[in-house]
Amino acid sequence: MGRVAELAGVSVRTLHHYDEIGLVRPSARTSGGYRAYSADEVEQLREVLVYRRLGFGLREIADLITDPSTDAIAHLHRLRGLLLEKRDRTQAMVAAIDTELEARARGATVGTAERLGMFGARLYDTIGGAYTTTRRTDPRIAAQIWEGLGDARTVLNVGAGTGSYEPYDREVTAVEPSAVMRAQRPAGSARCVAGAAESLPFPDQSFDAAMAVSTVHHWRDPIGGLREMRRVARRVVVLTFDAGEPGWQDRFWLTRDYLPEFGDLLADFPAPADMAEPIGAVAEPVPIPFDCADGLFEAYWRRPKAYLEEHVRRAVSTWTRVGQDAELRAVRRLRDDLASGEWAERNGDLIGLDAADLGLRLLIA
């Protein structure tokens, strides 16, 4: 244990504490009978130490490292994203300091509002976490979802994530299986409980409405989850994706020309008609505005340079799921086509559009 403490840069007392609270418990034994860490436990210790250095509390870390929805690769991607976020935050703060230094060098007075603006809420609006920065509620999509909720006063948000699209004027209860997402929900947001769509921890007809936004494709059993939503609520509203139409991959230039692997991810995903039938829903298209505030996969259809940004891609699970090789190839080809003008030549007709139907569908039952 002493050698591990030395290599990790922590005290033996810290390792003992992690052992006592069940965070990282060494299960192996040396030839001399001393407790030792297995390879998996060393990996777990590394995750704990990185999360600690990123400012997470021990209880939060316990939830993160035991999250059943993530494996070792997912943890590495998550840690990488958090470290990039910290780097971006530091760079933004340095830029803010440089701005103030330049202003003072010119003899300009920097008032209280400007100083607080540089280091207060406005700064963090700009440099917040990848998901919470790029995956925000788009008011036009929200209006369509909230209209679908009708007169519902109590709403269950299934697969709620960080809370996007939760209506502010209704009583909302959120369900989210990922500890990472639950940890990112802002203060004052709706009560959130751990749970999965396929086994919602509520009695029949507990809510006026149940909603699910851009989450069904993550569910182990989409049809089972939809039936559960119907069981606990008298109304169901689901924002999902149409992967059942022949040639659907050609709707969007990114999947057509750069990332055909996206089609493989949805090979077994049910079509909207198959999802609508068990819950008695109707489907309506949801146009994506050209300046969509929600950085979902298709959001930047008229802003292709955004896909070159690491933080934009990290906020969408598709990029992680297709694998690094496919991601890097797609980004490289897109960058080359933007530089050569090839992308503009192929997609020039998009420039005049204010919104596009790229397969988003709203199921209302």
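Glu-327 sits in helix α17, residues 324–340. Helices (H or I, at least four residues) and strands (E, at least two) are DSSP runs, numbered from the N terminus. With a relative accessibility of 5%, Glu-327 counts as buried. Buried means under 20% relative accessible area, exposed over 50%, partly exposed in between (1.4 Å probe, protein chains only). The side chains of Glu-327 and Arg-313 make a polar contact of 2.6 Å. Such a contact is a pair of N or O atoms within 3.5 Å; within protein, one must be able to donate a hydrogen and the other to accept it, and residues adjacent in sequence count only if both atoms are side-chain atoms. Neighbours within four places in sequence aside, Glu-327 is in contact with Arg-313, Arg-314, Trp-319 and Val-322. Contact means heavy atoms within 4.5 Å.

The model is predicted: local features need pLDDT of at least 70, side-chain atom pairs count only at pLDDT 80 or more, and totals for chains, interfaces and linings use all residues. Residues are numbered from 1 along each chain as its sequence is written, and side-chain values use heavy atoms, with hydrogens and water left out.

Next, the sheet. Seven strands form an open sheet with mixed pairing, in the order β5-β4-β3-β6-β7-β11-β8. Its edge strands, β5 (191–193) and β8 (282–285), each pair on one side only. Neighbouring strands are turned by 20° against each other on average, direction ignored. Two strands pair if DSSP finds at least two bridges between them. β8 and β11 (residues 360–364) run antiparallel, joined by four bridges. Val-282 has Ile-364 in β11 as its bridge partner.

Axes are lines fitted to C-alpha atoms, for helices over the stretch in contact; angles run from 0 to 180 degrees between N-to-C directions.

Ile-223, Leu-226, Arg-227 and Arg-230 of α11 meet Asp-274, Met-275, Pro-278 and Ile-279 of α14.

Finally, helix α3 (residues 39–53). Its 15 residues reach 21 Å from first C-alpha to last, close to the 21 Å expected at 1.5 Å a residue. The expected span is 1.5 Å times one less than the number of residues. Buried in α3 are Glu-41, Leu-45, Glu-47, Val-48, Leu-49 and Tyr-51.
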